[in-house]
Amino acid sequence: MSVEKVLLVIDMLNDFLHPKGKLYCGDSVRNKIIKPSAELIAWFRNRGYPVIYVQDAHDENDPEFKRFPRHAIKNTWGGEFIDEIKPQPGDIIVTKPRFSALFQTNLDEILAKYNPKEIWVIGVCTSICVMDTVVDLRYRDYTVVLPLPCLGDINPRQHDCALERMDVIFGAKLLWSIPQ
């Protein structure tokens, strides 16, 4: 099977996008990305393109917590998708133990099944999980599209640096708006 596009929704979880989350990206990010992300997800679903939700899912004592606050622990409120952007029947969920959605997951097999011409990536955090996933996708020679209204980060400077790196070094396509 070969599809035109696949959408990856990265870590749109309570711990990142809810004001009570452990690593809340802030009101400016939340207010910026939720509406266009929901619209883009609907756009993909309405056209029959696969929507793949990627979920940070840490164990209680994950070594990552030496560098970051405890967050997105499996089977907790913080690790759930925000109410505004929940997976629907037919969507795919991939849980990941680290930054990249391709590290120790079955995403490679899922993408091989669909053989997409383009992989669109949205979510948080641009400078961490989004960028590491995009880099791994580009290493596999996928064409990657980044709709800017649907990306956010805790740190605006790191967000901008990550976008520039993914554009200039890895050749991801940056889109200034979402399709209507």
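Ser-127 has its place in helix 4, where helices (H or I, at least four residues) and strands (E, at least two) are DSSP runs numbered from the N terminus. The model is a predicted one, in which local features need pLDDT of at least 70 and side-chain atom pairs count only at pLDDT 80 or more, while totals for chains, interfaces and linings use all residues. Residues are numbered from 1 along each chain as its sequence is written, and side-chain values use heavy atoms, with hydrogens and water left out.

Ser-127 is buried, with a relative accessible area of 15%; buried means under 20% relative accessible area, exposed over 50%, and partly exposed in between (1.4 Å probe, protein chains only). Its side chain makes a polar contact with the side chain of Asp-153, at 2.6 Å; such a contact is a pair of N or O atoms within 3.5 Å, and within protein one must be able to donate a hydrogen and the other to accept it, with residues adjacent in sequence counting only if both atoms are side-chain atoms. With neighbours within four places in sequence left aside, Ser-127 is in contact (heavy atoms within 4.5 Å) with Asp-153, Gln-158, His-159 and Ala-162.

Helix 4 (residues 126-139) packs against helix 5 (residues 156-168) at an angle of about 10 degrees, with the axes 9 Å apart. Axes are lines fitted to C-alpha atoms, for helices over the stretch in contact, and angles run from 0 to 180 degrees between N-to-C directions. Helix 4 is therefore roughly parallel to helix 5, a term for angles under 35 degrees. The residues that make this contact are as follows.

| Helix | Residues in the contact |
|---|---|
| Helix 4 | Thr-126, Ser-127, Val-130, Met-131, Val-134 and Val-135 |
| Helix 5 | Gln-158, His-159, Ala-162, Leu-163, Arg-165 and Met-166 |

Helix 4 is mostly covered, 10 of its 14 residues being buried, and among them are Cys-129, Thr-133, Asp-136 and Leu-137. Just after helix 4, Asp-141 takes a positive phi of about 65 degrees.

The largest nonpolar core has 32 residues, and those with the most contacts inside it are Ile-52, Val-121 and Leu-146. A nonpolar core is a set of buried Ala, Val, Leu, Ile, Met, Phe, Trp, Tyr and Cys residues joined through side-chain atoms within 4.5 Å. Helix 4 supplies the largest share of this core, six residues. Apart from this core lies another, of 28 residues, including Trp-43, Phe-81, Trp-120 and Val-145.

Note on methods:
Parallel < 35°, antiparallel > 145°, perpendicular 65-115°, else oblique.
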